[in-house]
Amino acid sequence: MARNITYREALNEAMAQEMERDETVIVMGEDNAGGAGSPGDDDAWGGVLGVTKGLYHKFPGRVLDTPISESAFIGAAIGAATAGMRPVAELMFVDFMGVCFDQIYNQAAKFRYMFGGKAVTPVVIRTMYGAGLRAAAQHSQCLYPLFTHIPGLKVVLPATPYDAKGLMIQAIRDNDPVMFFEHKALYDMSGPVPEESYVLPFGEANVVREGGDVTIVTLGRMVHTSLEAAGQLAADGVQCEVVDLRTTSPLDEDTVLESVEGTGRLVVVDEAHPRCNIATDISALVARKAFGALQAPIEMVTAPHTPVPFSTALEDIYIPDAQRVVNAVKTVTGWSR
Amino acid sequence: MTDDRIVPVTMPKWGLSMQLGKITAWAVAEGDEVKAGDDLADIETEKITGTLEASDAGTVRRLTARVGEDVPVSGTIALLAPADVSDEALDAAVLAARAVIDAGVPDDAGGAAELHTADVGGRKISYAGTGEQGDVVLLVHGYGGDRNSWLFLQEPMAAGYRVYALDLPGHGTSAKDVGDGTLGVLADAVTGVLEAVGAGRAHLVGHSMGGAVVLAVAARDPGRVASLTLIAPSGFGSEINADYLRGFADAQTRRELKPVVGQLFADEGLVTRQLVDDLLAYKRLDGVGDALHALLGTLLDGDAQRGDSAAALAQLGGAVPVTVVWGAADRVIPATQAESVTGAVRRVIDGAGHMPHMERPAEVQAAIEETIARAG
């Protein structure tokens, strides 16, 4: 039975149901139980934005409050995964991933390949990304393109509460390391989510709006920005098809290509910096494999190639908004040789 | 300035959850004469596309809703009026209609369906009821379906009956455990819902596998059954599209599922993205894959049908009225099997596939109500 819950609650419910189902599932991260200097058990925050709240008391001994040493606890989570556990480790902000990059890209991502399939690493690394919380340059980046680049990692970016739960359950049951990106600005978004457990497979994009004039490929928070733009454009008679990638690794190439073959025009909307991001990746894919279908050059809507500004005025214009998407769509529909 | 000779054509409510409809194409233009039963427009809901037929005769003077826009249920989409009704009166009615359409769905417009659950032998069974008075009618869906497959029937029938639709075990929001997967487990759920709603006797309507289920209920407990309407029921012949059944059970993605679901309908264009997405969301619930595969063993013997609904029907010995309804273009269970059903009124509906209650709901509703009438 579906009822409306938030993105945050959907993630919490996914973890709780999997912990209930499988005792090898454990949760680890900073501030799960309040952190150093707090009253401890009675102050179980559930992480900095409360996503794991309630699990600490519900599953005694299976929610580990870690020191602020990402290189240590991410390494521990990966090691536990190779030894038979299914850890879900929370690394607060993706911006801090640098200090444990070796554990992720050079260890976890390589084990299955280097040990001929005899080792599996069923770890989920949860992390927050994205601008909009006035958190400045070191707490607002996207960085999912870095992880998409690395073979051996799966990279997941749910855009809705329904997708958050189904993709989290799949992430926990998956035998490969999964980088699970949660946009800070989506935690309070509400939507219909079944009470029962369910999985959404990786590598299946979601066509969230159908239309025949322009394809908008997007992901994460930008799905909502793109839908807002598509709604405005429909009033002007331009029908956009909006494709939410859901996962960047594996990537659902077929859905992207089929959509562009139907519309002949592509706009890619990506909150990450414009160089070597998902927008460039999708643009290259379509230029190579659907060139014949294109009736106009591809447009990209991304953040600029700068750190995320601390100034609120600058941060607001840094994040791609619906107007920029509308403008990009008008560019590709109005293009002529 | 209103003129009571202006007859509004309104957005129909096809199903308990429908709040909005979208006209995808008009079959008429301003100035056309229509008679009752003529096609007026193709209307898309979240679930499926249907054709709205005129319920009154008249001249179409104004089309008030545009193609492609969302119109709230019961919003006026067109105006019929005789030629001597003034343009001023029509324009005033158009303004009123546009105000309703532009306002959208009111915040307090919830689905009228009252959803309940019953505990049947330790399984949670969901069912929805509507209608205040009259005999109890219970609608039983087929393999992979749920109570919402009756969306075009349940609400219209509620005017004269207390109409319930349930989710069989393994389906919808009911428990996903189907035990050994036999018809008996499914029949228990039907009996359990009849008990829960306090119905001594009820008119049972079963589609496909649900047809075999209601026959199993009737064979076991004939006193509970006032009439039977069997829509493309399973078990009346050996031939069945086994590829459809296995394809439905095995499909993992939208790309795999869409062509399978298309086989249900005479016109595959009826299948909306939302219908496929809803089925996929159901199939991805924990336990559903196991349930669907367990039920395959009940329905199939190799590539042939396993059940014997004819024997169950014979056992009833004509004690209650029975009608068999089939879509002439059924690609799952061939309509020729209707001919082998004895002791029942047979109706074959042109232009419908395996889902006549979605494709030709008015004709199926008439068949059900005619069967109920025969029960006296």
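## A strand pair in chain B

B:His116 stands opposite B:Tyr127, a residue of strand β10 of chain B. This is a predicted model.

The strands β9(B) and β10(B) form a hairpin with 2 residues between them. In this hairpin, B:Gly121 takes a positive phi near 55°.

## The other partner of β10(B)

Strand β10(B) also pairs with strand β12 of chain B, residues 162-166. Here 4 bridges join the strands, again in an antiparallel arrangement. B:Thr130 stands opposite B:Val163 of β12(B).

## Two domains in chain A

Chain A is assigned two domains. Domain 1 covers 2-194, and domain 2 covers 206-333. Their centres, taken over C-alpha atoms, are separated by 27 Å. Domain 1 of chain A brings 25 residues to the contact, and domain 2 of chain A brings 23.

## The domain 1 side of the contact

Which elements supply the side of domain 1 of chain A that touches domain 2 of chain A? At least two residues each come from α6 (144-148), β6 (154-156), α7 (161-173) and β7 (178-183) of chain A. By class, this side of domain 1 of chain A has 16 nonpolar residues, 6 polar and 3 charged.

Notes:
Residues are numbered from 1 along each chain as its sequence is written. Chains are lettered from A and ligands numbered from 1 in the order in which they are written. This is a predicted model: local features need pLDDT of at least 70, side-chain atom pairs count only at pLDDT 80 or more; totals for chains, interfaces and linings use all residues. Two strands pair if DSSP finds at least two bridges between them. Domain bounds come from an automatic or database domain assignment. Two residues are in contact if their C-beta atoms, placed from the backbone, lie within 7 Å. Ala, Val, Leu, Ile, Met, Phe, Trp, Tyr, Cys and Pro count as nonpolar, Asp, Glu, Lys and Arg as charged, and the others, Gly among them, as polar.
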